[in-house]
Each structure stands twice: as structure tokens, then as C-alpha cells.
Amino acid sequence: LYHPRHVDEAAAPAAILAGDVARVEFLNARLSGKRVNVSRSEEGLVDRKSVGVPLSPGASLGVGNYYTKIGIGTPASDQYVIVDTGSSFSWLQCQPCAIYCHSQVGSTFDPSSSATYRRLSCNAGECSSLTKATLNSPSCTLTNTCIYSASYGDRSFSIGYLSQDSLVFGSESLPGFVFGCGQDNNGLFGRSAGIFGLAKNELSLISQLSKRYSNAFSYCLPTASSGSGGYLSIGGGSTREYQFTPMLSDPKDSTLYFLRLTAIAVSGKALAVSGSDYSVSTIIDSGTVISRLPSTVYSTLRSELIRIISSRFRSIGAISILDACFSGTFDDISQVIPTVQMIFHGGAALNLAPANVIIEVQTGNTCLSFSGNANLNNIAIIGNQQQQTFDIVYDIDGSRIGFASGGC
């Protein structure tokens with residue numbers, strides 16, 4: 001597998017931040033409307049029967065997302081795919097790459113080598129489901145094969161045949177897994193083989209696996225420096241003690257995961273902003289790197305952290321999307337980072353470590369890993385930089401999201 005040491009360590013974070021802009025544009029393009037409905041949580045944790053796979057930071061693949069290895073076909077062909085809570089559809093690059101396949105780690109999947117592969121017709125129910133899953137209507141070949149078109153709002157796309165084959169996920173094999181067999185794939189996918197979606201849609205990975213397991217999943221995202229220890233578990237959470245907040249539904253996009261941020265505290269003291277300043281639709285997303293906070297909340301947090309950090313380290317100009325940067329390494333500046341808490345409805349909180357608050361974007365230059373939500377459609381996003389090292393469970397049937405500390 002392509003190893004992180006082959007990436008220019010200084011350039012990689014900046015390149016990933018540039019891609020993060022396109023990611024936010026993709027989410028912003030999906031959303032319209034303002035009303036948010038709260039779904040109440042249920043008592044009791046979900047069934048703990050589960051299946052898991054390791055998760056690794058995507059820097060080695062040139063992306064800011066996280067990836068895992070799955071198997072597809074009979075015999076199984078190993079593929080390294082991005083897993084994404086903001087996507088509803090799963091697809092892989094496939095031979096013969098009739099139009100275009102980008103360079104990927106490992107061999108491109110060849111359907112002709114699988115004894116269990118088949119294309120789905122335009123009459124299949126799954127073909128009709130593509131409109132909600134991809135936000136694009138399917139089309140048909142002259143031989144009645146269903147064609148999907150998955151686009152991501154940043155000019156990235158995958159187009160190909162709607163297909164079925166056996167999926168190997170961790171220790172389990174799932175026959176008849178529905179996915180896209182991409183023949184034209186172009187965009188910000190790095191060297192991955194494709195994307196496997198975890199959003200709330202009948203064609204997503206979680207929905208298809210929930211037929212065998214509970215309708216829940218959990219993950220722990222490792223830091224880029226650790227490079228290992230992360231995991232994705234389908235079918236429930238760990239035995240850790242979770243703090244839960246309601247999982248919200250939002251008419252802007254029923255497939256994404258929303259929650260309510262109610263406060264941010266620095267050194268145990270809540271920011272001096274109105275509660276109404278937090279009242280925007282807030283997505284928790286594994287594929288966005290930098291959290292986008294409501295403008296007033298961000299400016300207040302930024303001012304407080306600059307006040308503390310600049311007493312020891314010189315402020316410098318903005319780097320990419322980050323506008324609170326300092327001359328100093330992560331190791332040095334982390335010594336002065338105060339405790340920062342992101343508090344959600346119901347009292348659940350992320351107690352952020354320095355690695356969740358700052359990022360060394362260039363060698364010797366370190367920035368706050370937050371940004372404002374200016375130019376967004378009145379939304380905020382909790383990105384993966386702030387989620388790293390927490391065990392996070394998405395209890396879909398229970399309409400709640402849980403956080404547990406302790407590292408991966």
C-alpha cells in the first residue's frame with residue numbers, strides 16, 4: 001500500500017485544506033431551507049453485534065478523508081475506498097475504464113474476473129433509488145442496463161453501471177451488495193478506488209449492512225501523525241460510556257447527520273455569545289477536515305485563542321482557509337492551548353485536545369483548525385479534525401449520536 005512517507009509532509013496538509021473547500025461546497029450545494037426538527041433519543045443502546053474494519057488517514061492517498069480496505073467479487077479483489085458519512089452511494093472504479101479511471105492504489109476492479117458480478121437493469125428497484133442517492137436521475141443503455149451518475153458539487157463525478165456483487169467487509173461476506181461500477185471517474189478522489197457512503201439512504205453501505213446488523217455504526221478517526229488504530233464498526237458501538245445528543249432530521253437533506261451545537265467553552269468558560277448565534281443547521285461529517293462554525297461563534301473563539309497563543313507566539317498571515325496562524329511548531333504551540341469544549345444539546349461534549357484545536361499546516365507554521373461559515377447556506381459543519389480520537393456512534397434507529405473519549 002502507498003505509504004505516507006512518500007507524501008511531502010509539509011505540503012500535504014495545505015493540499016488537503018484546498019480540497020476541503022470543495023468538500024464544503026459539495027455539502028452546501030445539497031442544502032436548502034432553514035427549519036430543523038429534533039428527533040428524540042430512545043432508551044438503551046443498540047444491539048452490539050457488529051463487524052469492523054480498520055480506518056486510516058487518507059493523506060497517503062492524497063485526500064483528507066479516511067479509508068479502509070474492502071473486498072469485492074468472487075474471488076474477492078481488495079480495494080482501498082474512502083468511507084464517507086456525507087455520501088449516500090457506493091462506487092468503485094471498474095475495468096475496462098471505458099472513458100477514464102484515475103490512478104489508484106492497487107488494481108482496478110475487473111468485473112469479468114468475478115463469478116458473482118452482475119449489472120442491474122433499469123427495471124430494478126435500486127435503479128429508481130438512484131435519484132435520491134446521487135441527486136441525479138439514472139439513465140439506460142440500449143440493452144437496458146441502469147447507469148448511475150454521482151456528482152459532488154465540486155466538478156468531481158463518477159459515472160458507470162449500477163451493479164451487484166459479493167462484498168467482503170472485515171470478517172463478513174455480504175452477497176448481492178449494490179454499488180456503482182465506475183467507467184468515468186474524475187475529481188478529488190486522490191488514489192482511492194472509490195467512495196463507500198454511510199449516509200441515511202437505502203443504497204448506502206450502512207443501510208445494506210443493517211439488514212444483517214443493527215442500523216447503527218461507530219468509528220474512531222486516528223490523527224494523521226498516528227496513522228493507525230482507527231476503526232469503523234457496523235452494527236453498534238463499543239462498551240465505552242457514551243454521552244448522547246439527539247440526531248436531528250432536516251428537510252434540507254434527510255440523508256445527512258445533523259445535531260445541535262449549543263456552546264463552546266475555553267478554559268471552562270463559555271464564549272460570550274448569544275444562544276441564538278448557534279441556531280444554524282449543523283452537520284457532523286467525516287469527510288470535511290476543518291469545522292465551519294457560525295460566524296459570530298467563530299470570531300469570538302478565534303479572538304480568545306489568539307489572545308492566549310499570541311502572548312507566546314507571533315501571529316502570521318492566513319494560510320489557505322485558515323486565518324488564525326502562528327509562527328511555531330505544533331509541539332511548541334500545543335503547550336499553551338487551553339481546554340476547549342464543544343457542547344451539544346443534552347450535555348454531550350467533545351473535550352478537545354490540542355491536536356483537535358491546532359494543525360501544523362507548513363513546517364514551523366501552525367493554525368487554528370476552525371473556520372467561519374461565511375458564504376455557506378446558513379449551516380455549520382463539525383469536521384474530522386475535531387472528531388479525531390473520539391469514539392463516535394451513530395444510533396440511527398435511536399435517533400442519537402454518542403461521543404466517548406479514550407482514544408482509538
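In this predicted model, the second largest cavity is lined by Leu55, Tyr66, Val83, Leu198, Tyr219, Leu221, Leu232 and Ser286. By class, that lining divides into 7 nonpolar residues, 1 polar residue and no charged ones. Tyr is counted as nonpolar here, so Tyr66 and Tyr219 of the lining fall in the nonpolar group. The volume of this second largest cavity is about 40 Å³. The count of cavities of 30 Å³ or more comes to 3.

The next topic is the domain arrangement. The protein is divided into domain 1, residues 51-212, and domain 2, residues 243-405. Taken over C-alpha atoms, the centres of domain 1 and domain 2 are separated by 31 Å. Where the domains meet, 13 residues of domain 1 are in contact with 15 residues of domain 2.

How much area do domain 1 and domain 2 bury between them? The figure is about 1,100 Å², with 49% of it on carbon and sulfur atoms. On the domain 1 side, the residues that lose the most area to domain 2 are Tyr66, Thr85 and Lys200, which together make up 59% of what that side buries.

What kinds of polar link join the two domains? Between domain 1 and domain 2 there are 6 residue pairs in polar contact, both residues being at pLDDT 80 or more, and 0 salt bridges. The side of domain 1 that touches domain 2 consists of 5 nonpolar, 6 polar and 2 charged residues.

Technical notes
Residues are numbered from 1 along each chain as its sequence is written. This is a predicted model: local features need pLDDT of at least 70, side-chain atom pairs count only at pLDDT 80 or more; totals for chains, interfaces and linings use all residues. Side-chain values use heavy atoms; hydrogens and water are left out. Domain bounds come from an automatic or database domain assignment. Contact means heavy atoms within 4.5 Å. Buried area is the accessible area (1.4 Å probe) that two parts lose on being put together, summed over both. A salt bridge is a side-chain nitrogen of Lys or Arg within 4 Å of a carboxyl oxygen of Asp or Glu. A polar contact is a pair of N or O atoms within 3.5 Å; within protein, one must be able to donate a hydrogen and the other to accept it, and residues adjacent in sequence count only if both atoms are side-chain atoms. On a 1 Å grid over the protein atoms alone, a cavity is a set of points where a 1.4 Å probe fits but cannot get out, and a pocket is an open set with protein on both sides within 12 Å along at least five of seven lines; lining residues have an atom within 4 Å of a point. Grid points are joined across faces, edges and corners, and a volume is the space filled by probe spheres set on the points.
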